[in-house]
Amino acid sequence: MFQNLNQDEPIFPIRAAAQLLKISVHTLRMYEREGLIIPFKKESSHRLYSQTDLKRIECIRRAINEMKISINGIKTMYSLIPCWEIMGCSEENRKNCKSYNEHSKPCWGYAHEKNVCEEKKCRDCEVYKKHSQCGEIKELIKSISR
Ligand code: SF4
């Protein structure tokens with residue numbers, strides 16, 4: 001898209017992001033409410049989107065429009081990302097972790113108390129960041145099951 005810019009730099013305000021994606025601001029807000037995306041939040045609480053965010057949203061749009069996967073279906077798919085492997089969670093942590101034990105939403109959709117994620121910012125976490133592209137979840141599962 002804008003090749004010379006840092007792909008992870010949050011630069012697009014919500015209106016510009018919506019225009020580039022040819023969707024409404026309302027849809028972008030809904031994706032955030034549903035926990036599919038975590039835009040960068042300025043102190044003013046305005047949202048900014050990076051090119052990586054836009055690619056992630058394009059992937060979500062393809063899943064919805066071409067593959068006919070519902071928003072709940074996408075959330076379930078994200079919930080299968082084995083964050084506990086990536087974060088190296090202990091057995092003890094896993095026992096008390098909703099994202100390990102449930103499957104209705106991605107790990108970043110839960111409030112994490114008293115575990116390894118408590119202090120982390122999900123937007124900057126490799127679990128969230130690494131799965132912005134279609135196909136990456138499958139590649140991860142392949143690499144873990146080798
Ligand atoms: S920090 Fe957030 S995105 Fe990373 S594993 Fe924990 S809950 Fe998931």
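Helices here are DSSP runs of H or I with at least four residues, strands are runs of E with at least two, and both are numbered from the N terminus. Nonpolar means Ala, Val, Leu, Ile, Met, Phe, Trp, Tyr, Cys and Pro; charged means Asp, Glu, Lys and Arg; the others, Gly among them, are polar.

The model is predicted: local features need pLDDT of at least 70, side-chain atom pairs count only at pLDDT 80 or more, and totals for chains, interfaces and linings use all residues. Residues are numbered from 1 along each chain as its sequence is written.

Now the overall fold. The protein has nine helices and three strands. From the N terminus, the order is β-α-α-β-β-α-α-α-α-α-α-α. The radius of gyration is 16 Å, close to the 15 Å that the globule rule gives for 146 residues, so the protein is as compact as a globular protein of that length. That radius is taken over C-alpha atoms, and the rule is 2.2 Å times the number of residues to the power 0.38. The C-alpha atoms fill a box of roughly 45 × 35 × 30 Å along the principal axes. Buried residues make up 23% of the 146. Buried means 20 or more other C-beta atoms within 10 Å of the residue's own, exposed means 12 or fewer, and partly exposed lies in between, with C-beta atoms placed from the backbone.

The chain is divided into domain 1 (1–69) and domain 2 (70–146). These bounds come from an automatic or database domain assignment. The domain centres, taken over C-alpha atoms, are separated by 20 Å. The contact takes 13 residues from domain 1 and 15 residues from domain 2. Two residues are in contact if their C-beta atoms, placed from the backbone, lie within 7 Å. H3 supplies the largest share of the domain 1 side, seven residues. By class, that side has seven nonpolar, two polar and four charged residues.

Next, the largest nonpolar core. It has 19 residues, and those with the most contacts inside it are Ala17, Tyr31, Leu36, Ile37, Ile57, Ile60 and Val127. Such a core is a set of buried Ala, Val, Leu, Ile, Met, Phe, Trp, Tyr and Cys residues joined through C-beta atoms within 7 Å. Helix H2 (25–33), helix H3 (51–65), helix H4 (71–79) and H8 each give two or more residues to this core. H3 gives the most, with three. Domain 1 and domain 2 both contribute residues, so the core lies between them. Beyond its neighbours within four places in sequence, Tyr31 is in contact with Leu36, Ile37, Ile57 and Ile60.

Finally, some loops. Lys22 sits between helix H1 (14–21) and H2. Its phi is near 60°, a positive value in a residue other than glycine. Lys22 counts as exposed because it has 7 C-beta neighbours inside 10 Å. Lys68 lies in the loop between H3 and H4. The phi of Lys68 is near 60°, again positive in a residue other than glycine. Lys68 has 8 C-beta neighbours inside 10 Å, so it counts as exposed.
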